[in-house]
Every structure is written in structure tokens, then in C-alpha cells.
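Open the structure in your viewer and keep the selection tool ready.

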Amino acid sequence: MHLNGIAKRITALALGAALLTATALPAFAEGTQQINVKYTYNAIDGTTWEKISHADFGTETNDGVVDYLGNGKVGPYVQGASTENNGDRGQSYSYAAESYGDWVYIGTMYGGLGANSILTRGFGNLDPEVAKATIDVMYNGNMYIGEPDGVSAGGILYKFNVKTGETKILMAQSADEGGTGVINILRGSTKIGDKLYFVGMTIDRNTPGLTEREYQTAIAIQSGFPCVYEVDPIQGDKITRIYDCGVEDINDYRKLTSANGATLADINKWYFTSTRAISTYTNSKNETALIAGGLNADEGAFLAVSNNPSAGQDTFTEILGKAEFDSLGVTPACKRGDVNGGGGIYQVLQFNNKLYVVVCVGDEASQNPDNGMKTSFAIVRGELTGTDATKRENWHWSVLAGNTEGEGDAKAKYAYGMDPERVSAGACTLQVYGDYLYIGDYNDVSSALQNMVTKKNFQTMYTNLQQSINLYRMDKNENVEKVVGDPTEAFPTSLTGAGSGYGTHMTQYTWQTAVHEGKMYLSTMDETTLLEPIAQFTNGDLLNMSAEEWRKQINYLRVLLELIAKKSDDSASGVAMFAQNEAATPETATPETATYAAPTTPANRSEALALVNAAVVAANEHAADAVAVYKARTEQPVTLTEEQTNELADALVDGEYILNSLDEDSSAPLFDMNSLMADLTDLVDTTEVEEFVEYYGELIDALGDIADQLPPNLKALYELLLQVATKENMIYLVKCLPYLKDSEAGFDLLTFTNNADGSVTMEPVTRTGFGDRYSHGLRVFAETTDYFIIGTASPFYGSQLWRTKNTAVKPEPTPSEKPAATQKPTTVTATAAATAAETTAPVAKTTGVIPQTSDDMPIVPLAVVCLGALGAFGVAFALKKRNHQ
């Protein structure tokens, strides 16, 4: 491990023109020590980005912004004091972010692919250590699979000073180090005036009625109580839980989780309880209301709004829910087995005085067997009559994208996913830029990864890669143009000329957008590093058998065919033998010591065993005479296990197989097929899938030509080895591999500019995640007085923070707006009465909205759903890989 660490440090220092050792910034400014920047990235567009999290250490090393202290506790990283590789890799994604002055407030997603905690607790029948070892081998030790001491820290909310690097933890599992004893996963955020709002879910061990098992399960599978928090920087970062989004007690929570499935094996029936949607709506009087998504078992997904969110729960009223969705023919898909892991209401955003709501609608019942995809996203629009956004009757709802065959308000102008030829996008990201609403595709990666790990099925993955993601923009009259994407009938051209995927089909999310200094910044999630294990799948993995198991089954078929094929006087093929010496064995029986019998059933089991043994001899002679179809095979004798020998003998005695019963027209092709299958044995334990599947397809076609002529029991034996579904799955894998082969790992960061002539210019900032192949996504943007900030997503080494200098000077908060000295934050639940007399600064329009995109890298992940499959696949995979190292 020490040598690996040295190698990683050397690699980080040798990134050449992209990653350089930077000149240190002045040590002090305004009396405060500044970050000593050591690593910078010179971007394609000429900008320079500085790594400010764990600033002493480069890329591809432990980060996660905070340090792991042990026993589930995290603490601030201190430059010059913290040790290398002590960063908490488990803080995988920067999920939601808002800024105030020089501080950025960030909520994290914990746990990489969500596997670590559940694996350590051994749910299911798979030994947790074997499961962890499997993932470790699949990703060559780079995937985060748990804290060093096996204790989970959970997601946190913290704030980070982008000038000094000072970090203060605001909410965490641990009550010390600034925490509050609450694990949180906050996925979306917005800002109204001086107050910051975060939406997501929390799990508190002290919740009345919550069992320890429920608590641990919630951590493992990323579940919790949906809610909205308010953070007040002026009041010493006072944290208030202002709204329980439909789940107010343990009984409400259980209705969404365990009540819908007795065990974790039924987890696809559970609701995904995290809410993502949060935004604002400003009316004609310039009054701004807070809008947040909610969820409960009775209503499903809904939107609620408050004109005075600081006053708490009682001020929120529902404006969009089951009644409206039913009338529009739109049903939010909220369960973990649904599209994007149960996305429900994904995002809400105001544009041209209307409220546009992205809804995931693809449930398990909608899955298309031809491409593996569930129904793409819908978009509904809300129009406010009057000025009071909290009154449900003031909103009129209709469908923008969805069922184009609907009637009235349910009739969509555009198809699901914006284009009827596009089937992969389970959701989308919205961004207002200039006079347009931009709409970026967001594919259903979670289903594809689940299918890969649990079923070794690549159909959904191939469809995602083949289609990748598009970008559209809509004007104020709701006319849509394609900005990025391959030609289709509905949208034959794109404004940038760029095809789907922004230049690479490995991009699967339009993950985050922001407008900064006149340009729209757009980030992606790149699957390259995440999917590299698919190149390690062997043919045997896809066949669900080893080369030895394949060989044993072929030997069985070869001997059986010798028994049941009709005798031919002028051909050695089609021999049914009856041994004169009933005690004959494969070593003593020969054709000279055998006579040939007419169709019959052996008189007794002894005769049947003699027949089987003699048939083994004949099968070996056939094998020796056969001409290799594929290539020179590794010669091994045809043998049967004792169990196979007894099984065949019993089948002959019982009349299941009849001697000399299969005519030559049927048996001759089977002899050739057996020979070819034997030739392919050497490929079973290799990754040469393309070569294998070519011949495998020929075998399936040959079986199909004679299938109707075969006895049902014989046909069934061949179909155990030769399955159309397996062939098609192999073909999907073969089609996936070229996308992976030519791709660059790491997220893409791009800028888009609306030009005066109506065209759009797309320019790359980075195509490689700032030179870090393990930073597969960029999840948050934030803008401070002097810097533009990004937060990355990495299930491998944890999230990183980077900054680039603003080119335009932004005013700092006025003295009255500057936050008070940070005290240990308190978490309270607001009530209308408690805050009714409180006065606040004038409410302004939102200054930053983080799109609530799926990030379902919980993927119901390689955790609960995948454990059973990991058992069969993983043990062999891990052992096989180690044997080759």
C-alpha cells in the first residue's frame, strides 16, 4: 500500500501541462492565512483552476474535503497539519452548494456506490468480506468500499472558506467536531436573500420509534426522512429544519420503506425517500416563495410552497399532487425499482413566469423488452393566476412533454424525453440562460449498472451508450431547438453541430449547470472509469459457467449422442453400442468388443452402464477424428463424472432416452455442433467475447434449424448451453466495448454562449476531470465574491473542490449582511408561532439554484440488490483475477 501511495503521488506530480506545481499564493491577506495552492489545472479554454480541498495533495488521492477521524467521526482538513490519505473518501459527492461571502455551504453524498455500509453488515447470503473483495478486485482497489475502521460517517453539511481553506462542519452523525448527531444527504439547494435552503433527507438515531436496524439500513441504502433545512449565516449559521416533506413520524417513514417490502430483497418496492426538487417562484409583485418537493405513501410525489419559509411547517401548502397528476395522466415514479432509482419530481424551475416541473414517470411496468428502457421523463408546466403562489386553486397545470395523444391539458406538445426516438433519458436538468430554458438529458444509469452487476445483462447499458445525452433549448413561446445531439426525424440538426454526448457517448448525465460571467457552464458524468470492469467479464461470466463446467456439459452431450444416434453402415457416426462384456469400462470396451443393437431399452442397469462406458469410447474416437472448426483445440479426453454416468444409465433404463432413436439428418448436425462447442472451450475463461459470440451465434442458428426434429429432453439439454438471450447479451457487451476503448476518463466541463445570430457556441474547459480519471462527475457550482467554485463527484477517492478567479469584480456583502461569528450550530424545528414576529431583510430573487438531478449512484446499488449476484459472480471473479496478478 505504501508503494501504491508513492506511485500515486508521483503520477499526480507528473500530469505535465495539465496539472502543475503552482507558485504559492501570498501567505496572508486581510490578516488571514490563505490557502497555499500547490496544484493547478490549466484548462483548454485558458482558465486556471486551483485545487483547494486537501490542497497539500494532488489528484487521485484521498480527499472528500474533510478528514476521517475514526469511529464514524469527521473533522476539518488543516493544511500543513493533516496527513496524506486521511481524507474521508466516503464523502463521495458534493451534492448541493450555496455561497455567502467567501464561504461555500455544501451537502455531501456519502458512500461511493452505496455498497460499503451494507456489505459490512452482511445482508443477504453473501459473506460481506467476499463482496467487498469482489468490488475491490473489479476496480483494482480504487473504489471506496468503507472507512478504514469499518464504521460509517454518513453524509454531512459543512462550510468552506474558499480563500483560507477553513472548514466548519455544520451537521454530521457525530455530535462533536461541529456535528449535530444527524446524518444528512442534501441533494438540492437555493437561496433567498441571506438565507440558504437545502432539501434532501436525514436520519436521526434519536427519532422516536426508530430501531437500530432501521437506522443502519437507512445509512446503507441512502434512505431517510425527506425535509428542508434553512441555514442563516447572519445568525451564526443557525440551522432550522423548516419543513418535513410529507413524512412527519416513523409510521409515515415505514409506509414508504419496510411496509412496502418485508425484506431488503424486496427493496425495489420501497420508495426512494430523498426529495430533490427545490427552487423559488417570484410573482408579479416581486415576492419570492420557496418551492420544495415532498413525498408520502398516500399522495406520492408533490410540490409545496411557502411565502414565509422561516416560519416553518405550517406555512407550506401543496400546489401540485396526485389530483393534478392524475388529471394530466402523469404518475411520478418514486420507487427504487423505477427509472433513475425512483426519481419522482426531479426538478422545478421558473421560466417566463411559468413553473416547469421535471417528472420521472418510468416505472418497472413500463420497461421495454426491446431496449431495456423505462419511459423517459415528462415535463409539466404551471401557470399562476393572481399573485398568491400558496393557493392551490391559483395554479393551472398542463403537460409540455409526455403523452402527445392526450386530451386537453394532458396533451403534450413534445414526446416523453422531448423526442420519440430518444428512450434513455429518465430525467433532465433545467437551466435558464438568457431568453431560453435549457433542457439537458440525464440517462438512467442506475438501472444499467444494476443489470450489469446483478444479471450480467448489458442491454440497458448499450442503449444508454448508443444514445448518450442531448441538450435542447426552449424559447418563451415553447419552441424547442436541439443544441447538442445526433440527428433524428424530430430534430435533424443541432445548433452547435455537436453530436450526442457532447463529444463522447460515455457521458450519461447533463449533471449540473450554472450561468457565470455571461456563459452557461455545463458539467457531465462520464462513465468510463465506472464501466471499466465490463472489459473484465469473461465468456464464462456471461454463460454463468466455467470452462470446466462447459466441457463437462459438452462431454455429456457427446456421449448421449453416441447412444441415441442411429447406426449407419457406411459412417462411423450414429453408433448405438451394446457392450458384449457387461463389465466393460471406457478402458476395456472397444468397438471390436461391442455389437450394434436396434432401438431398445437396456434389460437392466448393468447393461445400461456398459452401454454408457462403451459410448464414452466412441465419443473419444469421434473427437479424435473431428476437424477443428474454430482453431486447434486443447485436446482433452471425453470423460464423464460418476454422477453423469449414473444419470445417463438411469435415463436409459427408464426409457427417457431410447437407443438408436435419432435419425442421421438430426444427429449429423449435432455431431458438428458438439465439435465446435468443444473447440470453443478454451475461450470460455477469456475476455475474447467478440470472437466467442460469433461462433456461439452459429451454434444457436444451427440448433434452431433442427430444434423441431429433436426430442424435447434433448433439445432442452442443448438450450442450457445455447441461449438466444445469452447470445444477444454478449452482442450488447461487444457493442459497449468500443465506446469504452476510445474514451477519456473524467467529467467534461463545457461552456455555452448564446450568440446574437441565434447560434450557440460550445467550448470545452476540461474533458478529463481536471486530469483526474476518478473524478467522474462535477456536481456543484458556486460563485463567491472573488472565485467560481466547482465540487466534484467521485465514488473512488471522494469529492474535491476547485476554484478559478472571477474576471469580473463582484460586490461583497454589506457590513450589515456579513455573517456573525460562527458558533456551534444548533438545529431546531421551526414553527409559525416561533417566528411570526421575526423580521427579515427584503426578499429578493434567488441568486443560485442547484438543479435536483438524480445522482442515484445509490443505484440501490451494488449494495442490497446486488449481493446475491455478487456471490456467484464475485467469488470466481475475485479469485480468477488474483490468480492472474
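Select helix 7, residues 445–455. Nine of its 11 residues are buried, so helix 7 is largely enclosed by the rest of the structure. Buried means under 20% relative accessible area, with a 1.4 Å probe and protein chains only. Helices here are DSSP runs of H or I, at least four residues, numbered from the N terminus. Among the buried residues are Val-445, Leu-449, Asn-451 and Met-452. Now click Lys-456, which follows helix 7. Its phi is positive, near 50°.

This is a predicted model: local features need pLDDT of at least 70, side-chain atom pairs count only at pLDDT 80 or more, and totals for chains, interfaces and linings use all residues. Residues are numbered from 1 along each chain as its sequence is written, and side-chain values use heavy atoms, leaving out hydrogens and water.

Next, select helix 16 (residues 689–706) and helix 18 (residues 724–741). Their axes, lines fitted to C-alpha atoms over the stretch in contact, come within 10 Å and cross at roughly 150°. Angles run from 0 to 180 degrees between N-to-C directions. The two helices are therefore roughly antiparallel, a term for angles over 145 degrees.

Which residues of helix 16 and helix 18 make the contact? Contact means heavy atoms within 4.5 Å. Helix 16 brings residues including Phe-692, Tyr-696 and Ile-700. Helix 18 brings residues including Lys-727, Met-730 and Val-734.

Note on methods
Angles under 35 degrees count as roughly parallel, over 145 as roughly antiparallel, 65 to 115 as roughly perpendicular and the rest as oblique. Buried means under 20% relative accessible area, exposed over 50%, partly exposed in between (1.4 Å probe, protein chains only).
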